[in-house]
Amino acid sequence: MLLLLLAACGGGAAAETAVPPTPTLSPQLAQGQKVFVAHCGACHSTAAGTVIVGPSLAGIATRGSERVDGFDARTYIYSSVMQPGDYVVEGFDNLMPKDLAKKLTGEELDAVVAYLLAQL
């Protein structure tokens with residue numbers, strides 16, 4: 001009887017080891033992820049500590065607000081795309097494409113910024 005009660009309440013080892021489902025991205029974040037993969041992912045990672053060519057963008061939502069006085073993370077990311085040579089991270093060369101902002105539509109730029117802000 002006790003076993004049935006535990007099973008009905010979700011008790012037991014199986015409940016403790018269940019992996020939570022991966023959250024579904026909003027349409028804007030899904031678009032931002034696609035833009036990131038197409039235009040940014042060859043040089044930047046979203047995994048902490050993983051450097052490809054440019055700095056990892058993991059945690060940019062937090063670190064971005066600390067990079068330039070007077071900028072929140074959103075402003076920093078937009079500025080880094082629109083004027084990539086202005087805020088080069090120490091230890092990295094200025095290799096960001098200078099025409100990236102011209103290649104993206106306003107919607108794509110908004111989407112990739114939203115996606116990066118979701119990288120906590």
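Helices (H or I, at least four residues) and strands (E, at least two) are taken here as DSSP runs, numbered from the N terminus. The structure is a predicted model, so local features need pLDDT of at least 70 and side-chain atom pairs count only at pLDDT 80 or more, while totals for chains, interfaces and linings use all residues. Residues are numbered from 1 along each chain as its sequence is written, and side-chain values use heavy atoms, with hydrogens and water left out.

The protein has 7 helices and 0 strands, and from the N terminus on its elements run α-α-α-α-α-α-α. Of its 120 residues, 29% are buried, where buried means under 20% relative accessible area, exposed over 50%, and partly exposed in between (1.4 Å probe, protein chains only). The accessible surface comes to about 8,000 Å², and 60% of this belongs to carbon and sulfur atoms; such areas come from the Shrake-Rupley method with a 1.4 Å probe, and for residues only the protein chains shown count as cover. Among the contacts with a separation of 6 or more, 45% are accounted for by residues 24 or more positions apart, a contact being heavy atoms within 4.5 Å.

Ser 80 counts as buried because its relative accessibility is 16%. Leaving aside neighbours within four places in sequence, Ser 80 is in contact with Tyr 87 and Met 96.

With H4, helix H5 packs at an angle of about 85°, the two axes lying 7 Å apart. Axes are lines fitted to C-alpha atoms, for helices over the stretch in contact, and angles run from 0 to 180 degrees between N-to-C directions. H4 and H5 are therefore roughly perpendicular to each other; angles under 35 degrees count as roughly parallel, over 145 as roughly antiparallel, 65 to 115 as roughly perpendicular and the rest as oblique. On the H4 side the residues are Ile 60, Ala 61, Gly 64, Ser 65 and Arg 67, which meet Ala 73, Tyr 76 and Ile 77 of H5. By class, this contact of H4 with H5 has 5 nonpolar, 2 polar and 1 charged residues. Here Ala, Val, Leu, Ile, Met, Phe, Trp, Tyr, Cys and Pro count as nonpolar, Asp, Glu, Lys and Arg as charged, and the others, Gly among them, as polar.

Turning to H7 (residues 106-117), the axes of H5 and H7 come within 10 Å and cross at roughly 130°, so the two helices are oblique to each other. The contact is made by Ala 73, Arg 74, Ile 77, Tyr 78, Val 81 and Met 82 of H5 together with Leu 109, Asp 110, Val 113, Leu 116 and Leu 117 of H7. These residues divide into 9 nonpolar, no polar and 2 charged.

Leu 109 lies in helix H7 and counts as buried because its relative accessibility is 9%. Not counting residues up to four places away in sequence, Leu 109 touches Tyr 78, Val 81, Met 82 and Leu 104. Leu 109 and Met 82 are 27 residues apart in sequence, with their C-alpha atoms 9.6 Å apart in space. Leu 116, also placed in helix H7, is buried, with a relative accessible area of 7%. With residues up to four places away in sequence set aside, Leu 116 touches Phe 36, Leu 57, Ile 60, Ala 61 and Ile 77. Between Leu 116 and Thr 46, 70 residues apart in sequence, the C-alpha to C-alpha distance is 8.3 Å.

Helix H7 also meets H3. The axes of H3 and H7 come within 7 Å and cross at roughly 95°, so this pair is roughly perpendicular. Residues of H3 in this contact include Leu 29, Val 35 and Phe 36, and those of H7 include Ala 111, Tyr 115 and Leu 116. By class, the contact of H3 with H7 has 8 nonpolar, 4 polar and 3 charged residues.

Finally, His 44 lies in the loop between helix H3 (27-39) and helix H4 (60-67). Beyond the residues up to four places away in sequence, His 44 touches Phe 36, Ile 52, Gly 54, Pro 55, Leu 57 and Met 96. His 44 and Gly 54 are 10 residues apart in sequence and 5.3 Å apart in space, C-alpha to C-alpha.
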